[in-house]
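Please keep the sequence and the 3D view at hand while reading.

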Amino acid sequence: MASAKARGKMPEVIDLTKRQSAFQPHSGARKLVIKNLRSPVSHEARIQEYYARTERELDAALDAIFAGQSPAIPLERLYRGVEDMCRNGSADKVYRMLKDKVDRHLRGVVLPRIQNAAKVSNLEVLRRTLAEWKTWNSQTILIRSTFSYLDRTYLLLKSLPSINDLAITRLSRMAFPAQATESGPAIGAASISAICELIDMDRRGDQRMDAELLKDSIMMLYVLGVYTKQFEPVYLQHSEAYFKEFGETCSPMGLKEYIEACERLLEREDYRCIAYNLDSTTERQSMTLAHNILIDQYADKLLHGGSLSKLLSDRDIKSLKGLYDLLRLSGIQKKLKTPWTDYIRETGAAIVSDKERGDEMVIRLLDLRRALDLTVRDAFNKDEDFLWGMREAFGKFMNDRKIAECWPSGTSKIGEMTAKHIDMLLRGGIRALPKELLSDVKDRAAAEKAGHASTADEDAELDRQLDQALELFRFIEGKDAFEAFYKKDLARRLLMGRSASQDAERNMLTKLRGECGSNFTHNLEQMFKDQELAKDEMEAYKEWCQGSPDRTGKVDLQVMILSAAAWPTYPDVRLNLPDEVATRIEQFDRHYKSKHTGRVLTWKHSLAHCSIKATFPKGAKELLVSAFQAAVLLLFNDVPADGFLSYEQISAATGLQGGDLDRTLQSLACGKARVLTKHPKGRDVDPKDTFTFNKAFTDPKYRVKINQIQLKETKEENKATHEKIAQDRRFETQAAIVRIMKSRKTMGHAELVAEVINLTKKRGSVEPAAIKKEIESLIEKDYLEREENSYTYLA
């Protein structure tokens, strides 16, 4: 229903059917009565009484709000009262009344409550302060609504703090005063100390920790504007003390345990700052403190070479990553490079100088390199500095002359073993590699991303393993040893048909040409050319044989013509060939010489191999044997069923003697496939032994391959190869001296030695003493002449 005031403003409804006035123009005169007016009352007094009553109502309303009750006067009337007083020019009076009421309530009611809680504990002070703050927030909302007109007009025009800011400021000054008062600082400090206690409980895992209290308290500090000035410095002081205590407690731990403890602490600190809404500046300063105390002050522990070596030896990628990340937080991760390279040099030197496990040298070096690569990739964030440090360390220990001196060969043992490792790979020995050397999922993904074939493919994996071996090859300064053994092994693979893949052989040759140039691979490429020429030669020979029935025979002869300059030298071993074989060889010799005049063929029977058919009581077999083994087996065709052949008889019939005959008989009578029986039984062959045909021989396969023991390198052959390398190195050194002196004519001794070392380092490191010896040799041969401390070239 509309109010009286509202009704007064509404238009009246007039009924036109009724008379609207007592005046009757045609009915005669009427009597008019005029009454006296009421006694006059002052209008100004009524207005002043209204404002005074409004002031009293506002005062009572504030008392009710502070007491947690609802005002007796409706809020709308209170709002109108504030508006009327402000319009009347009493806004300043209302504002001062509000401030005084707020101050009196905070000082007289709120403060004593908090002071009473201080008698219990700091946590109780914090709880009471937080409770009062929450109550004050709800009261402030009601006050702000009631005095909204004052807030939006007078305070805004006068640039005075809003009612909300006033309430916050007054409470902040009371609970957290900036200056010392009789009881104020103790209360504020107690609240902040209680917050730090809660954080300390959280750090130490105390069950009394109240997460909700802590989170709300931090929010209160933000709102009251005391977070930065009063709380943050105290929090950082407590954090610094805690970090120091933590560091002292954990310092006796091992490196791995210390890294894990620091990681957990930093993770918890970061989570706490996020979970409880600590300021990002506080978080940054706190983490900086932790880094300075736990990392910088304990850098010697984190960078300790022995502890790092243990982590690297254990291949603890997780701990290494944690260590790198910790050091990176303080920007000192580069200091890790020194103990990193020291570990590589020490470990690598121990592998190279280990004579008992020399055959495993390259596998162990590759395993070390693989572990280090994974460390750089997965732990050190692919840091290029550590990658280059690893390469420098490998180059140093692999070419360290003191380490090389532990091997009696005098040449690069690593070069020899690397060549043998590649030989094993190219013979299809990739399955013999440890699993740690093979590609993992990340390697395959990287290969596919780079556009290469996935290393899950066996050919691609073989190619990757060859690249890994070439990585070692690149570090070797003395590449002449590698060349000699690689050439020897390549010849053996090509002659015996032992290569797993011709494509892999040519791919490896391409890689070597890219690394060392065409001069390095010239002879190796000539081997492949000789193979192609040999195939053409055999095709021409077979066509020639088919031209006449007299030229064909029971023996299918396959000959490979090799150029002596490109291939390794092989000893000439006397072998009495069976008549049919000898006849076919003489026939081929005549055919070849008729086509190529002036050429001489030297038959290397030690490299020959053949396939022969053998009939045993338990079935026929096809035996894949060497020429030596075949010559011995064919002798038993003329032996009676119960007969035997003595060691001397076999030697006289075949022409084989000494070690060649011993190894051949041992492979036939003492190996896995024993087609002969030795009397008496045993693993070693003696000149007094006799041999018979093994009638009980059987094998599930039709084609039986008998191991060719003569393929294995003997100590004598190895020594001869190293001696040849040393001799070739001498000739190369002399050639380098002559080449330098021919262009310079005159040089000092030190300058000449330096030039020779620089010129020959790609082939092999030469000692200054060895260079001086070769200079003396050239002086004796009249290539050079000594004049005081310099040399002159003699044309």
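The model is predicted.

## Nonpolar cores

The largest nonpolar core holds 157 residues. F147, L150, F231, F394 and Y486 have the most contacts inside this core. Helix α4, residues 91-117, supplies the largest share, 10 residues. Another core lies apart from the largest one and has 31 residues. Among them are A614, V625, F628 and V639.

What does F147 touch, leaving out residues up to four places away in sequence? The list is L58, L62, V82, V94, M97, L98 and I163.

## Helices α4 and α8

Two packed helices are described by the angle between their axes and the distance between those axes. For α4 and helix α8 (residues 163-175), the angle is about 35°. Their axes are 10 Å apart. The crossing of α4 and α8 is right-handed.

On the α4 side, the contact uses Y95, L98, K99, V102, D103, L106, R107, V110, L111 and I114. On the α8 side, I163, L166, R170, L171, R173 and M174 take part. Sorted by class, the contact of α4 with α8 has 11 nonpolar residues, five charged and no polar ones. L98 of α4 and I163 of α8 meet in this helix pair, and F147 touches both L98 and I163.

## The three-stranded sheet

Strands of a sheet pair through backbone hydrogen bonds, in either a parallel or an antiparallel sense.

β1 and strand β2 (residues 619-626) run antiparallel and are joined by eight bridges. T615 stands opposite A620 in β2.

Strand β9, residues 790-793, is covered on both faces. S790 and T792 are buried on one side. Y791 and Y793 are buried on the other.

β9 pairs with two strands named here. Strand β7 (residues 746-748) pairs with β9 in the antiparallel sense over three bridges. G748 stands opposite S790 in β9. Strand β8 (residues 784-787) also runs antiparallel to β9, joined by four bridges. R786 stands opposite Y791 in β9. The hairpin of β8 and β9 has two residues between the strands. In this hairpin, E788 takes a positive phi near 55°.

## A190 in helix α9

Is A190 buried or exposed? Its relative accessible area is 10%, which is under the 20% cut-off, so A190 counts as buried. A190 is found in helix α9, residues 184-204.

Leaving out residues up to four places away in sequence, A190 touches N122 and V125. The C-alpha atoms of A190 and E124 are separated by 9.3 Å. Along the chain, A190 and E124 are 66 residues apart.

Note on methods
Residues are numbered from 1 along each chain as its sequence is written. This is a predicted model: local features need pLDDT of at least 70, side-chain atom pairs count only at pLDDT 80 or more; totals for chains, interfaces and linings use all residues. Side-chain values use heavy atoms; hydrogens and water are left out. A nonpolar core is a set of buried Ala, Val, Leu, Ile, Met, Phe, Trp, Tyr and Cys residues joined through side-chain atoms within 4.5 Å. Buried means under 20% relative accessible area, exposed over 50%, partly exposed in between (1.4 Å probe, protein chains only). Contact means heavy atoms within 4.5 Å. Axes are lines fitted to C-alpha atoms, for helices over the stretch in contact, and angles run from 0 to 180 degrees between N-to-C directions. A crossing is left-handed if the near helix is turned anticlockwise from the far one by less than a right angle, and right-handed if clockwise. Ala, Val, Leu, Ile, Met, Phe, Trp, Tyr, Cys and Pro count as nonpolar, Asp, Glu, Lys and Arg as charged, and the others, Gly among them, as polar. Two strands pair if DSSP finds at least two bridges between them.
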